[in-house]
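Here is my note for a colleague coming to this fold for the first time. Please read it with the structure open.

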Amino acid sequence: MAITRDDVLKVLSTVTVDAAGTTLPASGRLSQVVVDPTNRVMFSILIDPSEAERFEPIRRRAEGALLATPGVSGVFASLTSERGPNQSAQTPPPSQPPASGRAAAAPPPRTGPALPGVRHIVAVASGKGGVGKSTTACNLALALAAQGLKVGLLDADIYGPSVPKLFGLSGKPRVIEERLLAPMEGFGIKVMSIGFLIEPETAMIWRGPMVQSAITQMLREVAWGELDVLVVDMPPGTGDAQLTMAQATPLSGAVIVSTPQDLALIDARRGVTMFRKVAVPILGVIENMATFICPHCGTASHIFGHGGARAEAERLEVPFLGEVPLNMTIRETSDAGRPVVAVDPDGPHAQVYRGIAAKLWANLTGGPAPRAAPRIVIE
């Protein structure tokens with residue numbers, strides 16, 4: 001049977017949001033409800049970031065009520081601080097003053113509930129696409145694992161999931177209990193991506209609430225277990241998905257990836273500004289594609305410039321973690337699903353990532369790098 005939007009609203013009318021018995025649809029907090037052709041329901045609940053802990057049980061009740069409804073194949077429900085298309089600027093939620101009465105200040109710090117068993121969550125972000133963010137996140141996660149840490153990698157780039165390709169992984173995650181997935185594993189770290197859940201050539205034509213819900217579920221409905229670090233490969237840019245992740249997740253900090261040229265640095269500045277506004281510490285900036293060494297003549301060429309990210313980090317007063325060269329080996333191993341840190345841990349390129357990872361861990365914990373794990377070369 002086909003599920004309609006009215007069917008969804010009827011079910012959500014059984015969920016109250018306060019002691020007065022206000023229902024979720026009547027609260028003014030409900031985003032546009034989307035029902036896809038497979039009867040999967042998607043919506044978000046508008047909150048102030050400070051309300052995340054109080055509204056998480058409400059989100060779960062709404063999700064559970066819909067999952068118990070015959071015909072519903074799945075539910076993506078999220079909390080968001082961004083106003084949805086059905087929410088009028090003239091009718092803010094009861095807990096928020098009218099827009100004209102709010103101070104034009106930075107949003108409050110994120111207050112999302114902790115992820116059980118995970119010590120630190122680190123976002124790897126960029127202000128724009130095409131700067132090698134996913135390749136950097138992948139090798140950075142592996143470099144952290146090479147130091148003896150328990151590491152996971154969440155591919156939150158919904159529109160362009162690259163991690164399955166970078167790790168050479170395919171197949172579907174195993175369901176270990178109701179609505180809880182076992183992460184995939186690659187080169188000793190736990191991995192989750194929307195790419196494991198869709199066909200390779202599927203275009204993700206999703207609106208903001210659907211993206212937010214997918215990220216939230218991959219984060220909280222995966223059996224990550226005990227991790228020292230969960231590295232999150234963020235979507236590029238500074239839009240709704242990035243803000244939701246930053247505000248609703250207890251991020252320990254963010255790493256900004258940029259190439260050296262001014263065009264990329266403009267967007268990197270925006271990334272730093274976004275995280276600062278939601279009180280997420282900047283753990284460092286990485287300059288990617290910094291220098292190209294000709295394999296034939298040995299000449300160094302600065303194809304995208306050089307030193308721009310370092311200078312920008314100094315100007316913004318954030319740590320500079322290091323430079324990653326523009327190199328064929330990094331590109332070839334990434335395309336082959338055999339990341340350079342995993343297949344050549346003692347090589348010069350792996351050492352660059354390992355050095356960056358050591359600085360990152362020190363910035364994250366305020367202490368020295370952990371003792372390195374035994375190096376295993378993947379043949």
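1. Helix H3 is mostly covered, with 12 of its 13 residues buried (under 20% relative accessible area, 1.4 Å probe, protein chains only). Among the buried residues are Lys133, Asn139 and Leu144. H3 covers residues 133-145 and reaches 18 Å from first C-alpha to last, close to the 18 Å expected at 1.5 Å a residue. Helices (H or I, at least four residues) and strands (E, at least two) are DSSP runs, numbered from the N terminus. The expected span is 1.5 Å times one less than the number of residues.

2. This is a predicted model: local features need pLDDT of at least 70, side-chain atom pairs need 80 or more, and totals for chains, interfaces and linings use all residues. Residues are numbered from 1 along each chain, and side-chain values use heavy atoms, without hydrogens or water.

3. Now the sheet. It is open, has 8 strands with mixed pairing, and runs E8-E9-E5-E10-E4-E11-E12-E15. E8 and E15 stand at the edges with a single partner strand each, so one side of each lacks a neighbour in the sheet. Strands pair if DSSP finds at least two bridges between them.

4. Look at strand E9 (residues 189-193). It is largely enclosed by the rest of the structure, because 4 of its 5 residues are buried. E9 pairs with E5 in the parallel sense over 4 bridges. With E8, E9 pairs in the antiparallel sense over 3 bridges. Lysine 190 in E9 stands opposite glycine 152 and is also the bridge partner of glutamate 185.

5. The hairpin of E8 and E9 has 2 residues between the strands. There, phenylalanine 187 takes a positive phi near 55°.

Note on methods:
Buried means under 20% relative accessible area, exposed over 50%, partly exposed in between (1.4 Å probe, protein chains only).
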